[in-house]
Each structure stands twice: as C-alpha cells, then as structure tokens.
Amino acid sequence: VTSTSKLNNVTLIFEDVVNTTISSTIFEELNNCTISNITINASQTLNNAVLAHKIVNTKLNGVTINDVVVDTKTFTENGAGILVNSANESVINNVVINNGRLNVSIENRTYYVGGIAGYAENTIIQNSENSATITLSNCSNNAYVSGILGYGRNTSIFKCTNNGKVY
C-alpha cells in the first residue's frame, strides 16, 4: 500500500478481510469516507499514525492493526495515535490494535496521545481495543495520555478496553 495525500467521499468495504503491509501512513486525510474490514501489518517502524493523520466525518469499522511500532517525534496534528492522530465528527467502531508500541517524544508543547487516537472532537469510539504499549519521553509540558484516546472534546467512548501499558 502506498501513501495517498487525501481521500474524499469514498467507501472502501472489503468483503474478505484484506491483509496489507505498509511502510508509512496510508492517508494524510480522510474526509467523508467509510473504511471497513481491513487488517494492517507494519513492515517497519513508522513515524506517524498508521491509517491517517486526520479523519473528518469518516466511519472506520472492523480495522485491525498488528504488531506496529510508531516512533513519533514530528507532528502533523495536535495528537498522536496508532490508528489516527486526530478525528473530527467521525465514528470509530470495532478497531483492534494487537501488540506493538507507540513511542512519543515531545518537547515544549501540550500534546494528546492515545493508542487508537490522539485527539478527537465530536466523535464516537466504540467496541474497540488497544493492546499496544505507549511510552512518552522528553515531556516538558502537559501531555494527555490514555490507551484509547488522549483527549476528547464532545466525544464518547463506549465498550472499549485498554490492555496495553502506558509509561
């Protein structure tokens, strides 16, 4: 899978679970999209979110991410997450992150870090699970950290589980 800068008004529903291997973030931004039934495996350490930097008015359903390592030192949004960095007016449902790590090194700024999403506004995250470990380093300002979502504004989380460690 190669990186695409922006995807608008598209529905991608995979009838059989699709296994794909990536080496960088797949989408810069997803706007008014639906993506269902995909499994993503990382072939190398990534420096940002796996699926997208930012999602807007997007539905993600049945996404599984296996054994990914994300080392983030540069930021495109105000959050860092394994699935997406930030979500706005979106629904994230039935996402599973198996194992892996999210390593974030931040200095001189407030930042939001979560296993599934770093920052969300007007978004629903439900029926999802994170088993990845999250580690912060060089944190000189405020950081909001959680296994599921770093910070949410007008956002709801239902039936989600974090089994990963947060350091």
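In what order do the 3 strands of the open sheet that contains β8 follow one another? The order is β8-β13-β18, with parallel pairing. The model is predicted, so local features need pLDDT of at least 70 and side-chain atom pairs count only at pLDDT 80 or more, while totals for chains, interfaces and linings use all residues. Residues are numbered from 1 along each chain as its sequence is written, and side-chain values use heavy atoms, with hydrogens and water left out.

**View 1. The open sheet β8-β13-β18.** Strands are DSSP runs of E with at least two residues, numbered from the N terminus, and two strands pair if DSSP finds at least two bridges between them. β8 (79-81) and β18 (143-146) stand at the edges; each has a single partner strand, so one side of each is left without a neighbour in the sheet. From one strand to the next the twist averages 10° (axes are lines fitted to C-alpha atoms, and angles run from 0 to 180 degrees between N-to-C directions). β8 pairs with β13 (residues 111-114) in the parallel sense over 3 bridges, and Gly 81 has Gly 114 of β13 as its bridge partner.

**View 2. The open sheet β7-β12-β17.** This sheet has 3 strands and parallel pairing. Its edges are β7 (69-72) and β17 (133-137), each with a single partner strand, so one side of each is left without a neighbour in the sheet. Strand β12 (residues 101-105) runs parallel to β17 and is joined to β17 by 5 bridges; Asn 103 has Thr 135 in β17 as its bridge partner.

View 3. Asn 85 is buried, with a relative accessible area of 1% (buried means under 20%, exposed over 50%, partly exposed in between, with a 1.4 Å probe and protein chains only). Asn 48 is 37 residues apart from Asn 85 in sequence, yet their C-alpha atoms are 7.9 Å apart.

**View 4. The aromatic cluster of Tyr 112, Tyr 119, Tyr 144 and Tyr 151.** Rings of Phe, Tyr and Trp (its six-membered ring) pair if their centres lie within 6.5 Å; planes under 30 degrees apart count as stacked, over 60 as edge-to-face and the rest as tilted. The whole structure holds 5 aromatic pairs. The ring centres of Tyr 112 and Tyr 144 are 5.3 Å apart with planes at 35°, so this pair is tilted. Tyr 112 is buried, whereas Tyr 144 is partly exposed. The rings of Tyr 119 and Tyr 151 have centres 5.9 Å apart and planes at 15°, so this pair is stacked.

Conventions:
Helices (H or I, at least four residues) and strands (E, at least two) are DSSP runs, numbered from the N terminus.
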